[in-house]
Amino acid sequence: MESFFRTHKYLIEHLQASVRRDLMDEINWKDRMIGIKGTRGVGKTTFLLQYAKENFAPNDHSCLYINTNNFYVQNIGIAEFAGEFYHDGGKVLLIDQVFKQPDWSHQLRECYERYPGLKIVFAGSSVMRLKDENPELNGIVKSYNLRGFSFREFLNLKTGLHFPSYSLEDIIAHHSEIAAAIVEQVQPQDYFQDYLHHGFYPFFLEKQNYSENLLKTMNMMIEVDILLIKQIELKYLTKIKQLFYLLTMSGSTVPNVSQLAQELGMSRATVMHYIKYLMEARLVNMIYAKGDEFPKKPARVLLHNSNLMYSFYPKRFDDHDVQETFFCNAVWRDHKVNKVGNIGSFLLDEQYEFRIIEHATRLKSKSKTLFAVNQCEVGDGNQIPLWLFGFLY
């Protein structure tokens, strides 16, 4: 056990967390079993270590971070390791990549029942369906999602400022005042393009080639998060990657699932399930017309975030596609998104219709349509700066 504590101490002492994620204050840390889900690359490991650093001294052996990649943990299992830690006085066990243990959900349940004084905080892939596919965790685990950086978090990091987040209702009702207050301190448009290109994943802070790092991460999402967790045979790996590429190359058109199935030599149902897995891995977003849902064909398939759009050769995405992708990614966390009307029009929570446009328009819409305007610092009326939707979290 001592070697695990040495590793824990080293990681805490060398932790570099440039941005404190708001999720840290949204979690009820009194719960005994907490799950942190998120796509690969968004900083789940850093989040666990930051929690330990904020709440425990480096030499405090009541808290321990472990990764299930460790061969000792894989050999004896999570439950037995947790027992050793607990009987040595452990109180908080932080488990990274929990899904690497084949029967991880059963072992977490065993920990919950056998060690009443032990709190477990575990991190895993966004592909994990904690309650749908693991009923033994129902009623005992509180699940949270860690997302990539919002534009607000990126801007705070780059400027050293501390802008708060706003609800969608606040932005709709008070966007002129909110944007004006922000513009008094900084010009958001000076940073917006950088965010669209490389601001979503925290590893842009590392001294590595961002595009290569992102490409590696995207492949790992498919090779590990989808194949391993969904238990798909390795022989289908190439097909899933090809499907992802073909969806991306189709741009803003409605996906032709039958044609994709024919091209890939799969059934239509299999193609739909693989698109759903790509969505769960946070590689794409499936957008349906109002009233439709899976397993029906989506009205649009967008990449999950705009950073992904710059990793595909030879595709050069239209600026409007990038803006749509940013908007949908920004609102996706807390709002239902449906496709309506023309390209660039979306319905949020079956209540607010938004249209993405490049420049403010002088035309007064007779409908209740709201406009997210790309080339805009401070909006007016129903015309809201697009960048401001990056302040939703």
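**Close-up views of a predicted model**

**View 1. Strand β3 and its two neighbours.** Strand β2 (residues 63-67) and β3 run parallel and are joined by five bridges. The model shown here and in the other views is a predicted one. Within this pairing, leucine 93 of β3 is the bridge partner of leucine 64. Strand β4 (residues 119-125) also runs parallel to β3, and four bridges join the two. Here valine 92 stands opposite lysine 119 of β4. Between β3 and β4 the chain passes through helix α6 (residues 104-114), forming a right-handed β-α-β crossover.

**View 2. The side chains of strand β3.** In a regular strand, side chains alternate between the two faces of the sheet. In β3, Val92, Leu94 and Asp96 point one way, while Leu93 and Ile95 point the other way. Because five of the five residues of β3 (residues 92-96) are buried, the strand is largely enclosed by the rest of the structure.

View 3. Helix α13 covers residues 268-280, and its 13 residues should span 18 Å at 1.5 Å a residue; the end C-alpha atoms are 19 Å apart, which agrees. Which residues of α13 are buried? They are Val271, Met272, Tyr274, Ile275, Tyr277, Leu278 and Glu280. An α-helix has 3.6 residues a turn, so residues three or four places apart point the same way. The buried residues of α13 are covered by elements including α10 (210-230), α11 (237-249), α12 (257-264), β6 (284-289) and β7 (300-303). After α13 comes arginine 282, which has a positive phi near 65°.

**View 4. The largest nonpolar core.** In soluble globular proteins, nonpolar side chains tend to be buried together. The largest nonpolar core of this model has 134 residues, and Phe327 and Phe389 have the most contacts inside it. Helix α10 gives the most to this core, with nine residues. When neighbours within four places in sequence are left aside, phenylalanine 389 is in contact with Leu168, Ile171, Phe326, Phe327, Ala330, Val331, Phe354, Ala372 and Ile384.

**View 5. Asparagine 329 in helix α14.** Asparagine 329 is found in α14 (residues 319-332). Is this asparagine 329 buried or exposed? Its relative accessibility is 4%, so asparagine 329 counts as buried, the cut-off being under 20%. The side chain of asparagine 329 reaches the backbone oxygen of histidine 304 at 2.9 Å. Not counting residues up to four places away in sequence, asparagine 329 touches Arg147, Phe200, Asn285, His304 and Asn305.

**View 6. Backbone angles in two loops.** Most residues other than glycine have a negative phi, and most peptide bonds are trans. In the loop between β6 and β7 lies proline 295. The peptide bond from phenylalanine 294 to proline 295 is cis, with omega near 15°. The loop between β9 (345-348) and β10 (352-359) holds aspartate 349, and glutamate 350 lies in the loop between β9 and β10 as well. Aspartate 349 is not a glycine, yet its phi is positive, near 55°. Glutamate 350, also not a glycine, has a positive phi of about 55°. Aspartate 349 counts as partly exposed because its relative accessibility is 28%. Glutamate 350 has a relative accessibility of 40% and therefore counts as partly exposed.

How values were computed: Residues are numbered from 1 along each chain as its sequence is written. This is a predicted model: local features need pLDDT of at least 70, side-chain atom pairs count only at pLDDT 80 or more; totals for chains, interfaces and linings use all residues. Side-chain values use heavy atoms; hydrogens and water are left out. The expected span of a helix is 1.5 Å times one less than its number of residues. Buried means under 20% relative accessible area, exposed over 50%, partly exposed in between (1.4 Å probe, protein chains only). Contact means heavy atoms within 4.5 Å. Two strands pair if DSSP finds at least two bridges between them. A crossover is right-handed if, with the strands pointing away from the viewer, the path from the first strand over the helix to the second runs clockwise. A nonpolar core is a set of buried Ala, Val, Leu, Ile, Met, Phe, Trp, Tyr and Cys residues joined through side-chain atoms within 4.5 Å. A polar contact is a pair of N or O atoms within 3.5 Å; within protein, one must be able to donate a hydrogen and the other to accept it, and residues adjacent in sequence count only if both atoms are side-chain atoms.
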